[in-house]
Amino acid sequence: MILENKSAKRVTKKNLIGSTKNFLNSAQNTYTVPLNTFYLVGFNPTVTDYVTVKGDYELELNATANNRDIRMIVSAKPNTFYKPSCDTNADVHLFYLDANRTVITQSYNTISGGLTGKTPSNCMYIAFALTNRGLGTGTYYFRNWQLEEVTVSNASATPFEQYLEVNKTFTGTPKKNLIPDWNSSRWFEDSTVAGGKVTVDTDNPYKMTLKLDQPAQARLVHIPVELGKAYTFSFGNITGLYRLYKRKQTAHGGTVLVQDSTPKPFTFVVDAEYGGWVTLRVTQGVTGTFSFENLQLEEGWYPTSFDPYMELNNSASLTPKRNMLNPQAWVSGRIFDTAFKSQNGYRLNGDNLIIMSDINGMVSQVVDVEPNTIYTVFHDSDNDGSRGIYVYSTSGVDLTPSVKISPNVFNSGSNTKVIIGMYKSTSANNLPEIEIVKPMMVKASVKVPFEPFKFVNKADTLVPKTNICPPLKYWSRTDGNAVILSDYEGEINPVSNYTGFKYSSSLGLKRDTLYTLSIDEITPGATCFLAYLDSGGTNRYTTVNSDSLVRTFSIPSSAQYYWMEMHFQTNRGKARFKNFMLQEGTIQRPFEPLEMVKEEKEILRKAVYRNYSFNYKRESVEVLDGLQYSINNPRIKNNGLLIEEGITNTVSNSDQVSRLRVVNNAYGQVTYNHSLPKKLVAQSGSDTYSLQFEAKTLGPASIPFRSIVVGAQPPKDSWSWRIYSSDFSSNEIEDLGNGWSRYKKIFVINGSKGEYLQSFVKFICEVYDTDIDTLIRNVQIEERISPSSYTTGYRKNEIVTIPNTTGFIDSTKGSIYSKFSYLDLKYTMAISAFLFDTTSSTRWFCNYDSILGKFQVVVNGLSLIQFSKETLIEQDNELLIEWNGSNMSVTLNGVVQSASAGSSSARPDLGMLTLGCRFTRDIGWLNGIIKEFVIKDRNGNPTYKI
């Protein structure tokens with residue numbers, strides 16, 4: 001399995017209600033249904049009573065009776081106004097739920113009645129319901145639904161915006177800049193002089209004006225910092241005043257680190273007086289309006305160019321290979337206070353540390369340790385009394401008061417961090433500096449040969465391979481007659497109700513995450529369930545039994561604890577339970593016992609030499625996400641195998657880096673010529689093209705350019721197509737890091753424009769744009785309705801084949817599982833995109849057919865199983881194909897369809913298997929990412945895997 005770090009936790013920007021991409025076309029349990037997912041209430045679909053997904057924000061309800069609801073549960077705040085809106089011939093209700101998702105009260109007919117809802121004081125969730133309540137039989141449409149937080153009960157709904165997630169405040173680790181944008185809720189008013197009006201620039205959330213009607217009104221933010229680390233503060237432009245304080249402050253006070261300094265950059269090292277925090281305050285001592293733009297606080301000794309605040313998941317843990325002293329982590333002084341700072345700091349000489357001070361002084365660093373563990377610190381210098389080794393707790397307790405020479409052995413005690421100090425003693429005051437040769441710290445009781453500092457990954461983490469349930473020997477037996485027949489088979493003959501097998505220890509289940517509970521065999525009347533205690537003290541159950549062998553559920557974050565159990569509800573004699581299974585995700589896989597494996601961070605990697613389990617062909621050199629891939633070297637995106645069709649970039653010298661700015665009071669322009677000029681501008685009809693490029697803003701401007709024109713012919717100033725900077729939406733701009741962003745846009749050139757003498761794409765800024773200063777590179781135009789990944793010229797199709805599949809297919813019973821994503825689902829809907837195909841005479845293939853508008857699977861050449869296009873999603877589709885004799889079953893994103901293959905069963909040979917295109921290797925490219933592709937035999941053992 002190919003894994004990647006999950007995104008930082010997200011919250012919605014305005015519209016709280018998502019699209020139809022998360023849609024369960026069936027009735028669900030309100031207490032366990034996942035948040036932000038549409039589900040049905042009051043009915044299950046039939047031939048005449050059903051819901052049709054018409055688009056991302058369009059549903060159609062064919063109802064045979066009243067009270068057909070399509071609901072979505074979202075998080076909400078208590079005592080808060082919410083305004084719903086929707087284009088509909090039916091209505092919208094709001095149900096207010098407590099922490100246990102029990103309905104407190106509701107607001108009916110919010111659209112027809114023009115109502116605004118207000119949540120009760122104990123409300124934690126809102127169930128947003130698209131409904132035909134009171135309207136009876138008929139066909140009802142719902143389009144562009146929205147739920148937004150408002151401040152007053154008579155507020156009007158604002159224009160529809162799609163559900164958009166933004167980073168939730170401080171759930172991860174900031175990538176570089178520690179100061180959030182001005183829209184962040186982390187900013188707050190001064191506690192002593194309240195007031196002041198903040199206006200955030202609409203185009204640049206890091207640019208703000210603060211209007212003060214009283215002096216010293218201000219905005220403040222608390223920023224966490226780490227002991228012993230250096231930080232540097234800088235900014236783009238400030239017309240007011242600023243202050244940096246130690247610790248958390250709510251107004252002017254405490255220790256001021258810096259205020260209104262010149263030059264702008266200011267660097268400080270965190271000691272114990274900071275308490276782990278600094279406070280930034282922006283203000284002015286007089287009334288008026290003042291600007292604050294591009295504020296940055298970053299780790300390190302020197303300022304770098306401004307980057308927006310961006311949160312990342314905490315990086316995979318790294319630990320020093322052996323030497324625990326990082327040469328880049330030394331700071332002057334003892335860290336826990338301000339004493340013994342080296343007068344002139346320090347420098348490094350290879351592996352050696354040089355303390356530069358005319359008098360006694362120390363440089364130190366904070367090191368992570370394990371409690372109650374022996375460590376040794378040493379160096380290879382002379383023990384002549386001129387050098388010392390000090391070990392302190394972070395509060396300043398000397399852990400080795402009687403030992404200062406090398407080696408210094410100590411016990412960490414209850415500490416998880418210690419301060420290691422290298423000291424130039426008073427006996428060396430006659431020297432301007434002193435050298436510490438090869439300082440080192442190890443987890444050991446003796447000195448060892450020197451090794452340079454090096455980070456490595458921590459020891460591998462073991463995780464369940466598929467089944468999370470442990471064998472029965474680890475369960476408790478609440479029935480004295482319970483018998484363990486095998487690891488995953490048990491029998492009970494209870495003497496009282498509700499007794500059997502119970503597992504109460506943690507299974508490591510994540511909250512608000514979909515899991516599937518299943519069992520292969522169970523006696524009628526018996527139950528196997530997972531239960532949790534909600535925050536109100538009520539037990540909630542997800543149960544499988546002989547009538548329903550598979551159930552999907554999630555445990556909400558408000559749950560107190562959970563457990564699993566198997567028993568009779570009443571005394572009914574013997575009951576047997578066999579092959580119970582709990583797995584993450586919505587697709588039931590064939591049973592397998594619990595197996596602990598190393599957590600796989602990544603299987604596919606960029607490598608020139610590797611024995612891949614497939615043949616790969618692409619006859620061009622490509623750069624993707626900053627990595628260069630040679631000819632016939634598989635490209636990796638989002639930790640999956642990227643497969644794209646060949647394309648032509650019509651822009652010549654597209655990777656040239658150009659600078660756009662106003663020069664000598666003349667408007668600025670950057671021009672890239674097309675290598676196929678006639679194609680783009682001489683045409684009789686209308687053609688669609690995609691444009692992409694990368695830009696980095698150097699100047700203070702809030703926009704990178706004023707406009708872009710395609711097909712211009714100077715001096716007539718005419719063009720085939722023009723777009724302005726403001727025309728790019730947020731989902732058409734991708735942050736690439738280090739100040740660079742990728743812009744993408746689809747455009748149409750009409751044939752009526754005729755033919756121009758020249759063809760090029762121009763980036764333009766006007767004379768009044770004196771603040772625009774932008775670098776532009778990697779420009780690409782394709783005759784395509786969706787942009788592919790960037791290439792400098794021409795990329796041939798990527799072909800992935802497995803020529804010999806002998807032994808892959810078990811003709812009796814087996815499965816194929818795949819997890820895959822599309823780069824652009826709308827583009828996929830316009831083509832026939834194959835996930836896989838074969839040359840077998842009994843055809844096996846899987847593709848989306850644009851003519852039929854169906855995702856289809858052919859297994860064993862005899863059974864065609866089709867899914868509506870609405871079943872597909874853009875990211876992380878899950879597909880499971882199973883066969884058992886002549887019976888076939890296919891599950892796509894939780895939707896199950898079955899068929900019979902007649903008298904035949906699976907054939908043991910697939911011939912040549914192609915991934916991501918048709919077996920002819922000339923059409924039907926996936927234009928997507930395959931993260932997993934696994935074939936298993938009758939026993940669930942993999943016969944092929946990428």
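Student: What share of the contacts with a separation of 6 or more joins residues 24 or more positions apart, and what makes a pair of residues a contact?

Tutor: In this predicted model, residues 24 or more positions apart account for 72% of the contacts with a separation of 6 or more. A pair counts as a contact because heavy atoms of the two residues lie within 4.5 Å.

Student: How many of the residues count as buried, and what makes a residue buried?

Tutor: Of the 946 residues, 49% count as buried. The cut-off is under 20% relative accessible area, so each residue in that 49% falls below it. The protein exposes about 41900 Å², and carbon and sulfur atoms supply 47% of that area.

Student: Which elements of secondary structure are present?

Tutor: The protein has 2 helices and 79 strands.

Student: Why are strand 8 and strand 11 called paired?

Tutor: Pairing requires at least two bridges between two strands. Strand 8 (residues 91-97) and strand 11 (residues 125-131) have 7 bridges, so they qualify as a pair. Their sense is antiparallel, and Tyr96 has Ile126 of strand 11 as its bridge partner.

Student: To which sheet do these strands belong, and what makes strand 2 and strand 9 its edge strands?

Tutor: They belong to an open sheet of 6 strands with the order 2-3-6-11-8-9 and mixed pairing. Strand 2 (23-27) and strand 9 (103-107) are edge strands because each pairs on one side only. From one strand to the next, the twist averages 25°.

Student: How do you know that strand 5 pairs with strand 4 and also with strand 12?

Tutor: The threshold of at least two bridges is applied to each pair. Strand 4 (residues 50-55) and strand 5 (residues 58-63) are joined by 5 bridges and run antiparallel, while strand 5 and strand 12 (residues 138-150) have 6 bridges, also in the antiparallel sense. Both pairs therefore meet the criterion. Thr52 stands opposite Glu60 in strand 5, and Leu61 has Tyr140 of strand 12 as its bridge partner. A hairpin through 2 residues joins strand 4 to strand 5.

Technical notes:
Residues are numbered from 1 along each chain as its sequence is written. This is a predicted model: local features need pLDDT of at least 70, side-chain atom pairs count only at pLDDT 80 or more; totals for chains, interfaces and linings use all residues. Side-chain values use heavy atoms; hydrogens and water are left out. Helices (H or I, at least four residues) and strands (E, at least two) are DSSP runs, numbered from the N terminus. Axes are lines fitted to C-alpha atoms, for helices over the stretch in contact, and angles run from 0 to 180 degrees between N-to-C directions. Buried means under 20% relative accessible area, exposed over 50%, partly exposed in between (1.4 Å probe, protein chains only). Accessible areas come from the Shrake-Rupley method with a 1.4 Å probe; for residues, only the protein chains shown count as cover.
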